[in-house]
Amino acid sequence: MRSMNLLIDASLPLLVDCRLLFSYKKETLYANHLNKMNPILRSIHDFISLLYPKLCLACSDNLPPFDELICLKCQYQLPKTGYHLTKENPFTEKFWGRVPIQTGASMYYFTVGSRMQQLIHQLKYEHKPEIGYKLGKLYGLQLKKQPHFQHIDAVVPVPLHPKKRHIRGYNQAEAFGDGLAEGLEVSHYPNALYRKVFTETQTKKSREERLENVFQAFAVAQADRLKGQHILLVDDVLTTGATLEACATKILEIEGAKVSLATIAIASD
Ligand SMILES: [Zn+2]
């Protein structure tokens, strides 16, 4: 046991050095870096992985030391949209003629059976709000570099139905918003909007009635905070956009408020 501890003590600084070596453009280098690694470092890496077999939440492979939740290979390979690079893009086009937003973007494409679907599933149903936070922080740092996202004052998540929130224990959009606000270095108002409680079932209603219900479902709780602010309204996955449209419309009723949108993923049509 003593010799094992000594080996770990001796190997950690080497691994840290190795990490620094590969931290430069690490996303592009990572795919090949294990193969290029010095054999001694590689053995130490494998040995430590055996002791702490944490798994990547996207691909279920062993998570390399120092990677958190999602391996760098997955972070590199998950299908990025790049929508945030332009003010007008396929995401913002979905809202044309519906609600006047400043800009908007999704981080990734969402397709059935993909690693992205696995991540979203765990974020929503397997008590992993940390996935939302991590992706939010990563995206916030990227959005901050774009001129059209630099005037955001605060992040507001789409609220979850109180019953769902109670069962789940958290709001996944809020976890994403929390990370985004930190990456963008702006305020986060998780309780600015709320969802009204409906008792009647939605299933027997027509499509129009359900849509109308979505518009009636949300209300602003903290109008004073949002007055004159440019709000980044966030949700997990963009599908029809009805929820984001309803929430954005409510925020835009507040004097001087502007709205941009962001989601973790966008469902393909
Ligand atoms: Zn992975």
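Analyst: Axes are lines fitted to C-alpha atoms, for helices over the stretch in contact, and angles between N-to-C directions run from 0 to 180 degrees. Helices (H or I, at least four residues) and strands (E, at least two) are DSSP runs numbered from the N terminus. The model is predicted: local features need pLDDT of at least 70, side-chain atom pairs count only at pLDDT 80 or more, and totals for chains, interfaces and linings use all residues. Residues are numbered from 1 along each chain as its sequence is written.

The protein has twelve helices and seven strands. The axes of helix 6 (residues 115–125) and helix 7 (residues 129–143) cross at roughly 125 degrees and come within 6 Å. Helix 6 is therefore oblique to helix 7 (under 35 degrees counts as roughly parallel, over 145 as roughly antiparallel, 65 to 115 as roughly perpendicular, and the rest as oblique). Leu-119, Gln-122 and Leu-123 of helix 6 meet Pro-129, Ile-131 and Gly-132 of helix 7, contact being C-beta atoms, placed from the backbone, within 7 Å. This contact has four nonpolar, two polar and no charged residues.

Beyond four places in sequence, Val-234 touches residues including Val-155, Phe-176, Leu-180 and Ala-262.

Definitions and conventions
Contact = placed C-beta atoms within 7 Å. Nonpolar A, V, L, I, M, F, W, Y, C, P; charged D, E, K, R; others polar.
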